[in-house]
Every structure is written in C-alpha cells, then in structure tokens.
Amino acid sequence: MDKLIVEGGQNLSGTVNISGSKNASLPILAAALLTDEPVRISRVPDVSDTNYMLQILSQLGASVERSSGTVRIESPDGISSSASYEQVRKMRASICLLGPMMARMKRCTLPLPGGCVIGDRPVDLHLRAIQALGARVRVKGGNMVIEAPNGLVGTTVDMRGDSGPTVLGTDNLMMAAVLAKGKTVIESAAREPEVVDLANFLNKMGARIEGAGSRTITIHGVEKLHGCEHTVIPDRIEAGTFMVAGTLNVSQGITLNRVCREHMKSISDLLVECGHVVEYNEDGTSVFVKPGERPRSGKILTNPYPGYPTDMQAQMTALFALTPGISVVKDTIFPQRFMHCSELKRMGANIKVDNGTAIITGVEGLSGAPVMASDLRASAALVLAALAAEGTTEIHRLYHIDRGYEMLDDKLELLGAKVKRVPDLEGGPQED
Ligand code: EPU
C-alpha cells in the first residue's frame, strides 16, 4: 500500500494530457466477450480498475494483450460463464459482465456485489432488465445465477429507478439486447457519454443500436457480432478534476489537452459561474483554466447527465472549502458520498454535512495533515486540497486513487506540484 506526500502551496502551471475514460473503458472491455473475433481498443487508461477487468476477462478464458494504452482481446468459444467472488469483489463495475455473458452464453453466475462506501449500490434494475428479456434469476451462495435456456427476447424495459436512470444498468441491457431475438426498447435510459461510447463500439461490432445519448434507446437484435477497432473517449471526470486544480489559488493557469468540450458543459459552466476562467480552443479539444480574480461560492445539485456529475462533487467541495462565502453541495444520486468532508475538516475546512447535503463555508487557508482516502473521488478531493494547503499532507490508502487516475503523480509533477509516492508502512491513521 502506498501513500502520497504532497508539499502544498507550489505554483501550478503547464499542460497535461487527459487519459481515456475509465468508466467508458470498463463496459467496452466487457463487451469484447460478445464476439469470438479479436477487438482492439485504444486509449484504455492504465488504472487498477481496467487492470482488474482485464484480469477477469483472461481468467474467464479470453486472450488479452496490452501495450501502451491499446488492448487486444479475443474471446474464443468455450469461455467460462462463471466468475468467482475472489475475481470480482475488487470492483463493483464487474456487474457489467452480466449483459455480455448472458448475450453470448445465455447463462452466467456472478457474485452479488457487496456494499460500497459511497452508498448502497443495489443491482435490482440490472436484474429486472435481464428478467424482462426472459432470463430467470436465482440467488445462491451469494451468487446471482442467471439463465435463459431459450435465449433472450427483445421487449420494452423502463430503466428508471428511484434515483433516476442507471448507467451500468443501461449498458448491461444494451449489451444483452444486441444478440437477443427482435427489438428491445430501453425507456429512461442513461444518457451519459460513456453509454454513447459503448453504443458506438457495439455498432462497430455490427450491432444495430439507435438513440444512445437520448432517453430512449432502440436495439434490433442481430445474429452475430464481429471484431472491430475503437478509441475510448476522454475521461471527463479526470478532466474536471484537473480543471479544479487549475482554479485553485496556487494555479497560474493550466492547459488540458485531449478533452471533449461537449461532455464537460455542466462542469465548465459551474466553474465559470464561480468566477473562474475556462477557455476552450476552437474545436473544443483543449481547455485553459485559471482562477478568477474574485472567486464566488456555488451550488451543486448532482443529477444524471447532462446534469452535474456525482463523480465531481467531492473535488468541487475541496475548491469551495477555499472559496469565500457559503457553498452548498447536494448529492441526489449517492446521498452518502461525503466521506471526504471529515478529512477536509481535518485540514481546516468548515463543512457541515446533513441529509445528503454539505454546507461549506469558505476559509482563508487549509493546512496539511495526515488524511485517509475513502473512495476514488474523495481521494481526488484530498489531493486537490493538499495542493492548495500550507505544509505537508499525507494521503493514506492511495489505492483508491489508483483505481481511476492514470499517472496522477506524474501529471501533477508536470504542473509543478511537489508530490511523492512512498510505501505506507503504518497504513495511516485510524486503520480499521
Ligand atoms: N441504482 C439502483 N438500482 C440499480 C442500479 C442503480 O437503485 O440496480 C441507483 C444507484 O444506487 C444510484 C443510481 O441508481 O443511486 C445511479 O447509479 P448508477 O447505476 O448509474 O451507477 P453505476 O452505473 O453503478 C456509474 C459509474 C460511477 C458513477 C455512477 C453515476 C462506472 C463504472 N461507474 O456507476 O462512477 O458515480 O455511474 O454516474 O461507470 C466513479 O467513477 O467514481 C464512480 C463511482
């Protein structure tokens, strides 16, 4: 286990390249199971979540080759329809194997995902969807045993849950339906760019999917899919995280390359509303970000895309902690996702969390402290706070950040930050 030591208060400037999207890569890698022909996927970020996914695919019997961001996967007939708890417990996103396994093998055994620090994370909508296509679901020994001996048959499925649409649930249904008999219509589909990227990938494999990116997706089942090549979209959450770094009071202005302006709208708009400078180049693939002269507090209500992403609220909370005035962050998607707040308070932030809402009163400065990462985006918030804080911050349990940020330390160093990754022998404060 590593920890990150950050010397706060260094000026940030320069340019970084944004990696391919982790959350687009995961279902796309799983979708490689849908064909026995090789698929080649580029700009897959080298983070532990994509590595877990590739490990699972190879344990199922696929052949996996990876070289500098490009992954080649070939899944011959005879791959296993069952993944073990040991294999999948490290990553909740392994649930997105369900759709491709059901489409290819008409049966699968997958461990039920357990609890998660950011919330309950149920899978009822995934199961409802696969049942609607004709599968039978049983729970046995902690596993979901799902079978459709007569194959899957298209139908209309409403994917709306109490907290709105589900991203991986929409992905799973889309992947299950591409080889189902007849037409499947997904109502209340998630509209996230990662869903669109998956649909584009599947269409390149020969699927017939229309409407991805809107609330209604129509899939005409086909007999067989084939191999293809695909480049994953830029990671909008990594880009957003670096945009926040560019607006911290220690930033002289930073440039991010390989972004997609269209995917960044709610993130960019909020920074502009809070008084910061956000300037895209003409084709929207590069953005310059600088702190405004008079930063203002702000309000976030997380919502499904195109609303403000839950995956960015922790990072903005770190920025709000140093912004004059009172800011309010309400997470409607994961109301318990506020673990970073108690750690930010240890650095001097003034935050009250109540009922899925954080109320942040900006303070003049933060001071470095030993802090504990609790999940991926919470860790990113702590890194951002540490960059702006006075003194040294030690961020323990760095493996959380390694799940989703590619070469974070290298990228921060490129911008002038002083960061050092060292083995964490004690495991940090309050280890449980
Ligand atoms: N939900 C249900 N039942 C289900 C599935 C979801 O009630 O069967 C609820 C969830 O509890 C939540 C809401 O629906 O309240 C939305 O969750 P969603 O299913 O969309 O989340 P997900 O697909 O499991 C993806 C991202 C998350 C991101 C969420 C929301 C991946 C691999 N993960 O998860 O990313 O927070 O969408 O946008 O794409 C992260 O990258 O840090 C991360 C957690």
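This is a predicted model: local features need pLDDT of at least 70, side-chain atom pairs count only at pLDDT 80 or more; totals for chains, interfaces and linings use all residues.
Lysine 352 stands opposite isoleucine 359, which is in strand 20.

Strand 19, residues 350-354, and strand 20, residues 357-361, pair in the antiparallel sense over five bridges. Two residues lie between the strands of this hairpin, and asparagine 355 takes a positive phi near 55°.

In what order do the strands of the open three-stranded sheet come? The order is 6-8-7, and the pairing is antiparallel. Strand 6, residues 107-111, and strand 7, residues 136-140, are the edge strands, so named because each pairs on one side only. Between neighbouring strands of this sheet the turn is 20° on average, with direction ignored.

Look at one pairing in that sheet. Strand 6 and strand 8, residues 143-147, are antiparallel and joined over five bridges. Proline 111 stands opposite asparagine 143 of strand 8. A helix covers this part: helix 4, residues 98-105, lies across strand 6 and strand 8, and runs at about 155° to strand 6.

The order here is 4-5-3-13, and the pairing is mixed. Its edge strands are strand 4, residues 63-67, and strand 13, residues 229-231, each pairing on one side only. From one strand to the next, the twist averages 15°.

Strand 13 pairs with strand 3, residues 39-42, in the parallel sense, over three bridges. In this pairing serine 42 stands opposite threonine 231 of strand 13.

Now a pair of helices. Two packed helices are described by the angle between their axes and by the distance between those axes. Helix 5, residues 124-132, packs with helix 6, residues 167-177, at an angle of about 20°, and the axes are 9 Å apart. Why do we call helix 5 and helix 6 roughly parallel? Angles under 35 degrees count as roughly parallel, and helix 5 and helix 6 are therefore roughly parallel to each other. Their crossing is right-handed.

Which residues make the contact? From helix 5 they are His126, Ala129 and Ile130, and from helix 6 they are Leu168, Gly169, Asn172, Leu173 and Ala176. By type, that contact has five nonpolar residues, three polar and no charged.

Last, two single residues. Is arginine 337 buried or exposed? Arginine 337 has a relative accessible area of 7%, and under 20% counts as buried, so this residue is buried. Its place is the loop between strand 18, residues 326-330, and helix 11, residues 339-346. Not counting residues up to four places away in sequence, arginine 337 touches Ile118, Thr310, Asp311, Gln313, Asp331, Asp375 and Arg377.

Leucine 26 sits in helix 1, residues 22-31. Leucine 26 is buried as well, with a relative accessible area of 2%. Leaving aside neighbours within four places in sequence, leucine 26 is in contact with Asp49, Thr50, Met53, Met91, Ala93 and Cys96. How many residues separate leucine 26 from leucine 344 in sequence? They are 318 residues apart in sequence, and 30 Å apart in space from C-alpha to C-alpha.

That is all from me.

Methods: Residues are numbered from 1 along each chain as its sequence is written. Side-chain values use heavy atoms; hydrogens and water are left out. Axes are lines fitted to C-alpha atoms, for helices over the stretch in contact, and angles run from 0 to 180 degrees between N-to-C directions. Helices (H or I, at least four residues) and strands (E, at least two) are DSSP runs, numbered from the N terminus. Angles under 35 degrees count as roughly parallel, over 145 as roughly antiparallel, 65 to 115 as roughly perpendicular and the rest as oblique. A crossing is left-handed if the near helix is turned anticlockwise from the far one by less than a right angle, and right-handed if clockwise. Contact means heavy atoms within 4.5 Å. Ala, Val, Leu, Ile, Met, Phe, Trp, Tyr, Cys and Pro count as nonpolar, Asp, Glu, Lys and Arg as charged, and the others, Gly among them, as polar. Buried means under 20% relative accessible area, exposed over 50%, partly exposed in between (1.4 Å probe, protein chains only).
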